[in-house]
Amino acid sequence: MLSGLNHLTLAVSDVERSFDFYVNLLGFSPKARWQQGAYLTLGELWLCLSLDDMRNRQAERNYTHYAFSVAPADFASIAAHLRTHGVKEWKNNHSEGESLYFLDPDRHALEIHCGDLASRLAACRENPYQGMVFY
């Protein structure tokens with residue numbers, strides 16, 4: 001039986017650039033680093049950055065993304081910090097809770113988000129998506 005997310009591995013084209021982005025801009029804690037990658041943590045999340053030459057050839061964009069929690073009181077300052085550092089935004093938020101959708105240096109889609117599943121479901125119960133069923 002599965003018990004939760006074990007780790008997240010991101011294919012990157014430049015370990016140094018990605019390490020700098022995740023550690024110095026987003027605040028991940030470095031745990032190990034080598035020529036082909038790095039291990040970082042953020043709370044309980046274990047993130048692996050792994051050098052992959054194929055990353056430069058992937059240009060397709062879809063809604064797959066990785067969201068990180070932010071306290072509502074911190075959202076505006078963190079969003080301003082990211083924008084000041086020139087992150088490219090890839091989507092505008094149209095759902096419950098404040099969100100900023102942005103790309104990392106290898107165009108992985110990321111999000112900072114205020115709220116959780118309980119707040120999302122409460123908002124959806126008030127204004128359900130088309131065809132939505134609750135369990």
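This is a predicted model: local features need pLDDT of at least 70, side-chain atom pairs count only at pLDDT 80 or more; totals for chains, interfaces and linings use all residues.
Four strands make up an open sheet, ordered β5-β8-β7-β6 with mixed pairing; strands count as DSSP E runs of at least two residues and helices as H or I runs of at least four, numbered from the N terminus, and two strands pair if DSSP finds at least two bridges between them. Residues are numbered from 1 along each chain as its sequence is written, and side-chain values use heavy atoms, with hydrogens and water left out.

At the edges of the sheet sit β5 (66-69) and β6 (89-91), each with a single partner strand, so one side of each has no neighbour there. From one strand to the next, the twist averages 35 degrees. β5 and β8 run parallel and are joined by four bridges; Ala-67 has Glu-111 in β8 as its bridge partner. Packed on this sheet is α2, which touches β6, β7 and β8 and makes about 20 degrees with the direction of β7 (contact: heavy atoms within 4.5 Å; axes are lines fitted to C-alpha atoms, for helices over the stretch in contact, with angles from 0 to 180 degrees between N-to-C directions).

Then there is the largest nonpolar core, with 27 residues, where Tyr-22, Leu-40 and Phe-102 have the most contacts inside it. Such a core is a set of buried Ala, Val, Leu, Ile, Met, Phe, Trp, Tyr and Cys residues joined through side-chain atoms within 4.5 Å, buried being under 20% relative accessible area (1.4 Å probe, protein chains only). α1 gives the most to this core, six residues.

Methods:
Buried means under 20% relative accessible area, exposed over 50%, partly exposed in between (1.4 Å probe, protein chains only).
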